[in-house]
Amino acid sequence: MPVADVHADFLASIEDPEHREKLTSILSWVSETWPELEAVVKWKQPMFTHHGTYIIGFSVFAKNIAVGPEDALMERFRSDIEAAGYTTTMRLFRIRWDDQVDHGLLRLLIDTQIEEKAAITGFWRS
């Protein structure tokens with residue numbers, strides 16, 4: 001399962017091999033599903049961008065992976081995210097290390113970001 005070189009260094013820093021494998025799987029799936037996205041690490045987090053604009057990012061914590069799809073999507077898709085069994089904050093949702101990854105939900109969020117940010121040139125929505 002290939003992972004972007006830029007993410008490889010980040011992944012190597014995750015001590016727990018099961019946690020490292022889970023995030024590797026997610027990042028590889030994103031890279032394979034949307035090869036047009038650029039893999040980057042910003043603010044010590046693996047992210048994906050498209051034409052210089054933020055699409056999605058991931059953070060690693062002791063109990064979970066935090067997924068940040070951007071505030072506008074969190075507001076709009078919060079009920080879908082919670083229905084998938086994930087806990088949320090204003091800006092992110094958490095995939096616990098023992099949770100199944102809802103690829104359909106990630107696909108919805110990433111496809112929406114790509115579509116809605118097609119004409120946006122800044123990193124974040126204004």
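Visitor: Is threonine 112 buried or exposed?
Guide: This is a predicted model, and in it threonine 112 is found in helix H4. Buried means under 20% relative accessible area. The relative accessibility of threonine 112 is 11%, so this residue counts as buried.

Visitor: Which residues is threonine 112 in contact with, leaving aside its neighbours within four places in sequence?
Guide: Threonine 112 belongs to helix H4. With its neighbours within four places in sequence left aside, its contacts are Leu73, Arg76 and Phe77.

Visitor: Arginine 76 forms a salt bridge with which residue?
Guide: Side chains of opposite charge can pair when their charged atoms come close. For arginine 76, the closest N and O atoms of the pair are 2.6 Å apart, and the partner is glutamate 116. The pair links distant parts of the chain, 40 residues apart: arginine 76 is in helix H3, and helix H4 holds glutamate 116.

Visitor: How does glutamate 116 count, at 32% relative accessibility?
Guide: Between the cut-offs of 20% for buried and 50% for exposed, a residue is partly exposed. Arginine 76, at 42% relative accessibility, therefore counts as partly exposed. Glutamate 116 is at 32%, so it also counts as partly exposed.

Visitor: Why does the salt bridge between glutamate 70 and lysine 117 tie together parts that are apart in sequence?
Guide: The closest N and O atoms of glutamate 70 and lysine 117 are 3.0 Å apart. Glutamate 70 lies in the loop between strand S4 (64–68) and helix H3 (71–83), while lysine 117 lies in the segment after helix H4 (103–116), so the parts tied together are separated in sequence by 47 residues.

Visitor: Are glutamate 70 and lysine 117 buried or exposed?
Guide: The two residues form a salt bridge with each other. Glutamate 70 and lysine 117 are both buried.

Visitor: Where does arginine 91, the salt-bridge partner of aspartate 71, lie?
Guide: The closest N and O atoms of aspartate 71 and arginine 91 are 3.1 Å apart. Aspartate 71 lies in helix H3, so the pair ties together parts 20 residues apart in sequence, with arginine 91 in the loop between strand S5 (87–88) and strand S6 (93–96).

Visitor: Which residues are linked in a network of salt bridges?
Guide: The structure holds seven salt bridges. Among them are the pair of glutamate 70 with lysine 117 and the pair of arginine 76 with glutamate 116. The network links Glu70, Arg76, Glu116, Lys117 and Arg125.

Technical notes:
Residues numbered from 1 in each chain as written. Predicted model: local features only at pLDDT ≥ 70, side-chain atom pairs only at ≥ 80, totals over all residues. Heavy atoms only, no water. Salt bridge = Lys/Arg side-chain N within 4 Å of Asp/Glu carboxyl O. Helix = DSSP H or I, 4+ residues; strand = E, 2+ residues; numbered from the N terminus. Buried < 20%, exposed > 50% of the residue type's maximum accessible area, 1.4 Å probe, protein only. Contact = heavy atoms within 4.5 Å.
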